[in-house]
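Me: I would like to learn how to read the contacts in a model like this one. Please take me through it feature by feature.

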Amino acid sequence: MKILTYKTRQVKAQEHSSFYWLINDLSVFIERSLKHIFKNKDQLLGLTVQPIMFMMLFRYVFGGAINTGGTTYVNFLVAGILIQSVAFGALTTSLSVATDLQRGIIERFKSLPTVSWGVLMGHVSADLVRNILQSVIMIGVGMLVGFRPTASVTDWFAIAGLILLFTFAISWVAAIMGLVAKTIEAVQWLGFFIIFPFTFASAAFAPTDSMPYALRLFAENQPVTHIIEAVRALMIGTPVGNHIVLSIIWFTGITIIAIPIASYLFRQYSGR
Amino acid sequence: MDQSNSTIKVRGLTKSFKDLKVLTGIELEVKRGTVLALLGPNGAGKTTTIRILSTLLRPDGGDAFIDGHSVVKEPDKVRASIGLTGQYAAVDEYLTGRENLEMMGRLYHLSRADAKIRGEELLEQFDLEKAATRTVKTYSGGMRRRLDLAASLIATPPVLFLDEPTTGLDPRSRLAMWGIIEQLVEADVTILLTTQQLEEADMLADRIAVLDHGRIIVEGTSDELKAKVGKERLELTIRKDNYEKAIQLLGGEVVQKDPQRHLVSIATSGTVHEIKRVLEKMEAATIEVESMSVHKPTLDDVFLQFTGHGAEANQNTEELTNA
């Protein structure tokens, strides 16, 4: 072991306004989480291979048996599978939060003169980037297997905006799930029980009018269906109804509620 | 602000988790540039104390002052002057060693340039230069702990909390860690560390505080504690039919006897001369000594002396705290 030069190079923390440090700390945490996307092989695989497999599964295995009326199944499918992948993708935030808790790294961040809840913001931001990448890949693959969108440039911007809003809201919910579950195993169960019903009991893979009454009532009125129908309408020109407005209300509302809950749980956490 | 020459001052700290009283009034002082070891079994309250001093946990009562700042009223100022290394290497698995250190430097609000320079210095000093560009996932346990400690030193904080810094390390890594801690003290860092091993406290600490059931039962230098617990003991196993004769011969020197296993213990300074004297005495009386060993006072002895129970007795408490 070499000799420590602790005193010879005395470094000092800089003096800046607290707003400056807020931006500094958030950007450090965001940078950290973005690095995880490319360094964590599981994440990279989940980002690319899994959605493509789902696309193939529904397009070629189940698709032929599902009646989507006037539109082709692949045109119907892309909006649904996009939103479903984004929702499951948000579980990465839950997993990252739970991993950070388990490894004690959140405790360490909390002992620093830092805006430590920024660690959540970092994971959520990485989700945004990851989901944009994933959505672009999925739309590309969709086009290879027959997806023919009719959206204008403005429509695509609206689609991007809706997906970002949805990701942002769901990622904060996912952050709460990570803080509540605390372990990777518990996240997997919790995620399955919450994300699964909302994405499958929806208009993602089949039109809701073929569903039994009670299920249909749920599927037609839950927020995930609204966002799917809104994106679908913008992509292929199906009737848009009030889906866009309802999506914005739902997911803005969820964000407004989820952020304070997440930060409360984060502040309350005091170690294992 | 608190004007005293103690860098760490702890006053009447109490903390309960639900019905379980974990700390029942901790009082401590650590002078600048010295090491205090908090010694105690699992569940005694060591980690809870460290968590309160590093602002992760609010005490129910009392307060503590780090470098003059109250952990209750000025947690941000406390955070700027401490480094914390926990029982688990809390470093980012997916980042490289270098990236971890730079990230920590920036979170301590060093400039980018300072964070970089300090990072390189620490990588060199902690023998992690070659591994600097590898992700931490590929590091050994010892390397992770070194990186963990390096991360808490990046902003050269004047106060360092080390929670069981050598638990789970192999002997070589443990020695390396001790070496680092000694150097930090020379550089005038004030250290509070927790340990379960009397040997470790003995090696590193200027003063030792023994914690049991949430309170300090005894505090002093290593020598003071040992004087209270008793000296080293020479344990002799005597051939069965010589046992009574040996007891008679040693007389007042005997501190403990176990007739069933024909063992006898006597207080000793532990020097070769002492041991030779005792063995020669036995030899002269034709008493056959089957085996002998020298025992240093252990954590168990300290506990037996001050609490009347061994160090294992707190196991249940620990399970409750972790629940």
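Reply: Start with polar contacts. A polar contact is a pair of N or O atoms within 3.5 Å; within protein, one must be able to donate a hydrogen and the other to accept it, and residues adjacent in sequence count only if both atoms are side-chain atoms. Across the interface of chain B and chain A, 16 residue pairs are in polar contact, both residues at pLDDT 80 or more.

Me: What kind of model is this, and how are its parts labelled?

Reply: This is a predicted model: local features need pLDDT of at least 70, side-chain atom pairs count only at pLDDT 80 or more, and totals for chains, interfaces and linings use all residues. Residues are numbered from 1 along each chain as its sequence is written, chains are lettered from A and ligands numbered from 1 in the order written, and side-chain values use heavy atoms, with hydrogens and water left out.

Me: Which elements of chain B give two or more residues to the side that touches chain A?

Reply: Helices and strands here are DSSP runs, numbered from the N terminus (helices H or I, at least four residues; strands E, at least two). The elements are helices H2 (75–80), H3 (97–107), H4 (112–125), H5 (141–153) and H6 (171–186), plus strand S6 (82–85). H4(B) gives the largest share, seven residues.

Me: How is the size of an interface given?

Reply: Often as the accessible area lost when the parts come together. Buried area is that loss (1.4 Å probe), summed over both parts. Between chain B and chain A it is about 4,500 Å², with 56% from carbon and sulfur atoms. Tyr94(B), Leu107(B) and His109(B) supply 18% of the area that chain B buries against chain A, more than any other three residues. Now count contacts, meaning heavy atoms within 4.5 Å. By that rule, 57 residues of chain B are in contact with 39 residues of chain A.

Me: How do I read a salt bridge?

Reply: Side chains of opposite charge can pair when their charged atoms come close. The rule asks for a side-chain nitrogen of Lys or Arg within 4 Å of a carboxyl oxygen of Asp or Glu. Glu99(B) and Lys39(A) form a salt bridge at 2.7 Å, N to O.

Me: How does the Glu93(B) and Arg144(B) pair read?

Reply: Their side chains meet at 2.4 Å, N to O. Glu93(B) is in the loop between S6 and H3, while Arg144(B) is in helix H5 of chain B. Glu93(B) is buried at 8%; Arg144(B) is partly exposed at 21%.

Me: Which residues have the most contacts inside the largest nonpolar core?

Reply: A nonpolar core is a set of buried Ala, Val, Leu, Ile, Met, Phe, Trp, Tyr and Cys residues joined through side-chain atoms within 4.5 Å. The largest has 71 residues, and Phe109(A), Leu120(A) and Ile191(B) have the most contacts inside it. A second, separate core of 41 residues includes Tyr73(A) and Met235(A).

Note on methods: Buried < 20%, exposed > 50% of the residue type's maximum accessible area, 1.4 Å probe, protein only. Buried area = accessible area lost by both parts, 1.4 Å probe.
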